[in-house]
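Open your viewer and get ready to select residues by number. Each stop tells you what to pick and what to look for.

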Amino acid sequence: MKLNIRKHKINRSFGGDIGVFLLLAAGGAFMSLPLIYIVCNAFKPLNELFLFPPQFFVRNPTMNNFKDLFILMGNSWIPFSRYAFNSILVVVLGTGGHVFFASLGAFAITKYKFPGVKTFSVLVMLSLMFAPQVTAIPNYLVMSRLGWINTYFSLIIPAWGMSLGFYLMSKFMNSMVPDTILEAAKIDGASEFAIFWKVVMPIVKPAWLTLIIL
């Protein structure tokens with residue numbers, strides 16, 4: 001006996017698409033209001049900053065706030081350029097290393113079978129349950145034992161081992177990278193790292209771009 005199963009497709013009219021777009025646009029505009037308010041405050045003169053009730057948009061934009069910031073920071077022990085350099089260095093090296101090592105580990109755990117691979121995957125998933133505030137003190141103790149306090153290593157190296165990127169990349173590679181492509185690359189004589197870098201990474205480009213944004 002054969003069962004006739006009909007698949008019902010959800011079809012929206014053009015008006016429905018417009019309505020969904022307007023709803024999402026209104027939500028996005030509402031969520032961007034704090035960012036717009038911060039940008040407006042950056043260009044407000046002092047008399048507008050301390051107005052009550054406060055004004056949302058700036059009336060007389062000025063660049064004096066930025067000039068005063070550089071003057072005040074220039075007269076302090078640590079100039080503003082050092083803060084900017086530290087932020088750029090930590091973000092670039094931390095993000096780049098995190099994407100590379102997370103992708104490399106995800107490639108190994110999804111495309112190779114070795115003892116303990118399932119246990120390791122479960123541990124990675126469990127680590128996502130711990131908030132950064134919970135692991136702050138253990139991380140500090142580890143950095144202190146290694147002698148990395150007040151160094152760039154204490155900020156960059158922990159970023160490389162974050163489990164979020166590892167979990168995200170492993171899910172993408174498991175669903176988007178078929179084993180047949182890897183086998184074809186091995187037949188062509190590609191090394192393991194060449195397969196990872198030249199075959200797998202271009203396929204999962206949306207994943208590591210998302211990880212960079214996060």
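Select valine 204 to begin. Valine 204 is buried, with a relative accessible area of 0%; buried means under 20% relative accessible area, exposed over 50%, and partly exposed in between, using a 1.4 Å probe and protein chains only. This is a predicted model, where local features need pLDDT of at least 70 and side-chain atom pairs count only at pLDDT 80 or more, while totals for chains, interfaces and linings use all residues. Residues are numbered from 1 along each chain as its sequence is written, and side-chain values use heavy atoms, with hydrogens and water left out.

Valine 204 sits in the loop between α11 and α12. Helices here are DSSP runs (H or I, at least four residues), as are strands (E, at least two), and they are numbered from the N terminus. Which residues does valine 204 touch, not counting residues up to four places away in sequence? They are Met169, Phe172, Met173 and Val177. Contact means heavy atoms within 4.5 Å.

**The core**

Valine 204 is among the residues with the most contacts inside the largest nonpolar core, along with Phe107, Met169, Met173, Ile195 and Val200. This core has 18 residues. A nonpolar core is a set of buried Ala, Val, Leu, Ile, Met, Phe, Trp, Tyr and Cys residues joined through side-chain atoms within 4.5 Å. Colour the helices that give two or more residues to the core: α5 (80–111), α9 (163–176), α10 (179–187), α11 (192–203) and α12 (205–213). The largest share, five residues, comes from α11. In soluble globular proteins, nonpolar side chains tend to be buried together.

**Along α5**

Select histidine 98, in helix α5. Is histidine 98 buried or exposed? Histidine 98 is buried, at 8% relative accessible area. Leaving aside neighbours within four places in sequence, histidine 98 is in contact with Ala159, Trp160, Met162, Gly165 and Leu211. Histidine 98 and glycine 189 are 91 residues apart along the chain, with 29 Å between their C-alpha atoms.

Next, show helix α8 (residues 153–160). Ser154, Ile156 and Ala159 are buried there. The cover over these buried residues includes α5 and α7 (132–146).

**The salt bridge**

How many salt bridges does the structure hold? It holds one. A salt bridge is a side-chain nitrogen of Lys or Arg within 4 Å of a carboxyl oxygen of Asp or Glu. Select aspartate 179 and lysine 111, which form this bridge, with their closest N and O atoms 3.2 Å apart. Aspartate 179 lies in helix α10 and lysine 111 in helix α5, so the pair ties together parts 68 residues apart in sequence. Aspartate 179 is partly exposed at 45% relative accessibility, whereas lysine 111 is buried at 16%.

**A lysine without a bridge**

Move to lysine 44, in the loop between α2 (33–42) and α3 (46–49). Lysine 44 is buried yet has no salt bridge. The nearest side chain of opposite charge, glutamate 48, is 5.6 Å away. Here Lys and Arg count as positive and Asp and Glu as negative, while His and the chain ends are not counted.

Phenylalanine 56 lies in the loop between α3 and α4 (64–74). At 29% relative accessibility, phenylalanine 56 is partly exposed. Phenylalanine 56 also touches Leu33, Ile36, Tyr37 and Cys40. Look back to lysine 111: the C-alpha atoms of phenylalanine 56 and lysine 111 are separated by 53 Å.

**On the surface**

Show Val122, Leu123, Leu126, Met129, Phe130 and Val134. Together they make a nonpolar surface patch of about 620 Å². Patches are made of residues with over 30% relative accessible area and no salt bridge; like charges are joined within 9 Å, and nonpolar side chains (Val, Leu, Ile, Met, Phe, Trp, Tyr) within 5 Å. Accessible areas come from the Shrake-Rupley method with a 1.4 Å probe; for residues, only the protein chains shown count as cover. Helix α6 (residues 117–127) gives the largest share of the patch, three residues. Leucine 126 is found in α6 and is partly exposed at 40%.

Last stop: asparagine 150, in the loop between α7 and α8. Asparagine 150 is exposed, at 80% relative accessibility. Its phi is near 65 degrees, a positive value in a residue other than glycine. Most residues other than glycine have a negative phi.
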